[in-house]
Structures are given as C-alpha cells and as structure tokens.
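Let's take a walk through this protein together. Have the sequence and the 3D view side by side, and look up each residue as we come to it.

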Amino acid sequence: MPQGQPFQQPVPPQKSFLVTWILALLVGVFGVDRFYLGKVGTGIAKLLTFGGLGVWALVDLILVLANKQTDKYRRPLEGYDKHKVVALIVTAAFFVVSIALNAARGPVTPPAAVPIPAATSSANSEPAASSASAPSPIPSPAQTTPAATPAAPKVATQTFNGVGDDVVTAALSGAPAIVTFTCDPCSRNTILETNGGDSLLVNTIGSYTGTHIIDTSTGSTTSEFTVQAQGSWTLTVADISTIPSTTGPVSGHGDQVILLGGKSTKAAITYVGERNFVVQGYGGSRSELAVNTIGSYTGTVKLTGPGFVQVTSSGDWTITPG
C-alpha cells in the first residue's frame, strides 16, 4: 500500500436471501437471521424477547419475503429474484401445516379430580332418633323417604386372559377405570400399554401383579391394551367404585390404587425399595405429584383427600393421611 494512503477495510460480500429466509422462518424467534445479517445489537434484543413474543419474528420474515430486509451495510439480499417464488410457496405451506397440526392436536386438558364413588347406605345403620310423638302406623307420602340408590358403575367389569404377546379391546366409554394386570409365570420383559393418554402402565422384568387407574384426563379414552409377556396373564378392567375407601393408614407392596375417604391435605409416606417410587394424587382440582424419587423414602407431602391415589413402586410402602 502506498505510503500515506489510508487503510480501507474490505467490504464483505452481500448476504444470501435464501439463507436469511430459512433462518427467519425456522429460528427467527432467536434472532439468528439478524446475527447472520451482521445486526448483532438487534439480534440480541430479538433473542432476549423471543422474537418480540413472535411478532418481531413474523415481521422480519415478511420483510425478507418482500425484499425489504437489508444487511448491516443497508445492501439488499442476493438471490431474491431467483428464490422468491419457492420461498413464498414453502412459507405458505409451512404455516398451513402448522395450523392443521395444532387443530388436530386439540386443546390439552390437565388431569382433573377423579370423581369419588357415592357412598352407599348400610343396611345395619342405626335409625334416627324417634320424635316425642308415636309414628303413624301407615306413613303418609310426605313422611316416606325412598332408600338411597347407589350410582350404577360406568365401566362394566371385563376380564381378559392370554399367553404371550397380544392386543385386546375393551369398552371403557371414556370414564376412569381400574386396570389389574397379573402375570405370575413371566420371567422376561413384561409390558402393558394403552392407546389412551396413560400409555405405558407396566414395564418390568419377571412376574408382576398390580393395579392402575386410567383415563383420569378429559379426552383420554382407552379402548385397546397391548401386552408383551413371556407367559400366561390376566387383565381385568373395572369401575373405580370397586376400590374400597380407607380413612386411616394404608400399607401395600408394588403398584396399587387406593381411595382416601377422609378429608386431608397432607400425608406421611414411607417406602422401602431400590427402584422408582411415585405417588400421584387425584383428590384436588388438579392431579398432585406427591412423590417421585428413586430408592427408599420418608416424608410428609401434600396429598388431598378424599381422592384416589396411584402408587407406583417395587417395594413396601405406607401412606398415612393427615
């Protein structure tokens, strides 16, 4: 360079329209397209705001497609005329597919409280205290109180027997149900899956006996069970009213569903084992993941009663509501 001539920094080549468009379409919310164009400051701002909550990212994408976006030197992007038609078609298809997938997926409803079976009247219950006057020999219609009729089960009891791998169909009508699976002679991998929202219920090695509550979420309807087992097995589907209610401490082993009948907001829980231990409650307005750990456990956690509780374990456990 001749002496006395000022140094001039070389200007980089123009930025590609194709690259900018792809970055704006796929990762525009992270500001990657602006980093590529050399606009570091606005790229950081766009990254921190997640593309202006999507609005900024959409505006930048429109600017690119309209050939209004420039690099840091205010130069137009190279290759717009060559790729604009393909870019417009692909962008339109991208948004159409995204909208269709979101519509097909539908609203996601969190697991709600599972309905508690209505308590049935006992034949041995004591009669109410009599009034001072003697009762009429023939009660009048106003004095006659019809006996309480227990609600009919929504899910009929269904039992399936099989050997080895199989697929069985059950009628649950979208109502919560209790699934009991037993495979005593199993010696290898034992798996039980549903086509509902609960999906994988059992995945263990060797013999298995346990119960699970399913279809606790609105819109989760199970109609099919897939069994993988190396032996004879029994699968029973029943209504949630088949689970007896308990108001005091309850102990068990392995996977089990219990019904806490009394009012409670917490529970003392102990577990002795080496594998996963999960306690999921359904007594509140939303499901409560009370415990999710590996190995032995002792503690007091939030657990609302009355409500169903799903215990998943491979050892001995005790739950004391309080």
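The largest nonpolar core here has 22 residues. A nonpolar core is a set of buried Ala, Val, Leu, Ile, Met, Phe, Trp, Tyr and Cys residues joined through side-chain atoms within 4.5 Å, and buried means under 20% relative accessible area, with exposed over 50% and partly exposed in between (1.4 Å probe, protein chains only). Val-179, Phe-181, Leu-192, Phe-225, Trp-233, Leu-235 and Val-237 have the most contacts inside this core. The elements giving it two or more residues are β3 (177–183), β5 (200–205), β6 (208–214), β7 (224–228) and β8 (232–239). The largest share, four residues, comes from β3. These labels come from DSSP runs, numbered from the N terminus: helices are H or I with at least four residues, strands are E with at least two. In soluble globular proteins, nonpolar side chains tend to be buried together.

Before going on, a word about what you're looking at. This is a predicted model, where local features need pLDDT of at least 70, side-chain atom pairs count only at pLDDT 80 or more, and totals for chains, interfaces and linings use all residues. Residues are numbered from 1 along each chain as its sequence is written, and side-chain values use heavy atoms, leaving out hydrogens and water.

Now pick out Leu-192. Contact means heavy atoms within 4.5 Å. Apart from this core lies another, of 16 residues, among them Tyr-271, Val-291, Leu-303 and Trp-317.

Next, the rings. Rings of Phe, Tyr and Trp (its six-membered ring) pair if their centres lie within 6.5 Å; planes under 30 degrees apart count as stacked, over 60 as edge-to-face and the rest as tilted. That rule gives six aromatic pairs. The rings of Phe-181 and Tyr-208 have centres 6.2 Å apart and planes at 35°, so they count as tilted. Ring pairs also link Phe-181, Tyr-208 and Trp-233 into a cluster.

Back to the helices. In α1 (residues 17–27), the buried residues include Phe-17, Trp-21 and Leu-25. At its start, a side-chain oxygen of Ser-16 reaches to within 3.2 Å of the backbone nitrogen of Leu-18. Over in α6 you'll find Thr-91, which is buried with a relative accessible area of 6%. Its side chain reaches the backbone oxygen of Ala-87 at 2.7 Å. Leaving aside neighbours within four places in sequence, Thr-91 is in contact with Trp-21, Leu-25, Leu-61 and Leu-65.

How confident is the predictor? pLDDT is its confidence in each residue, from 0 to 100; the chain's mean is 85, and 84% of its residues reach 70 or more. Over residues 120–134, though, pLDDT is below 50, and beyond near neighbours in sequence this stretch has two contacts in the model.

Technical notes:
A polar contact is a pair of N or O atoms within 3.5 Å; within protein, one must be able to donate a hydrogen and the other to accept it, and residues adjacent in sequence count only if both atoms are side-chain atoms. pLDDT is the predictor's confidence in each residue, from 0 to 100.
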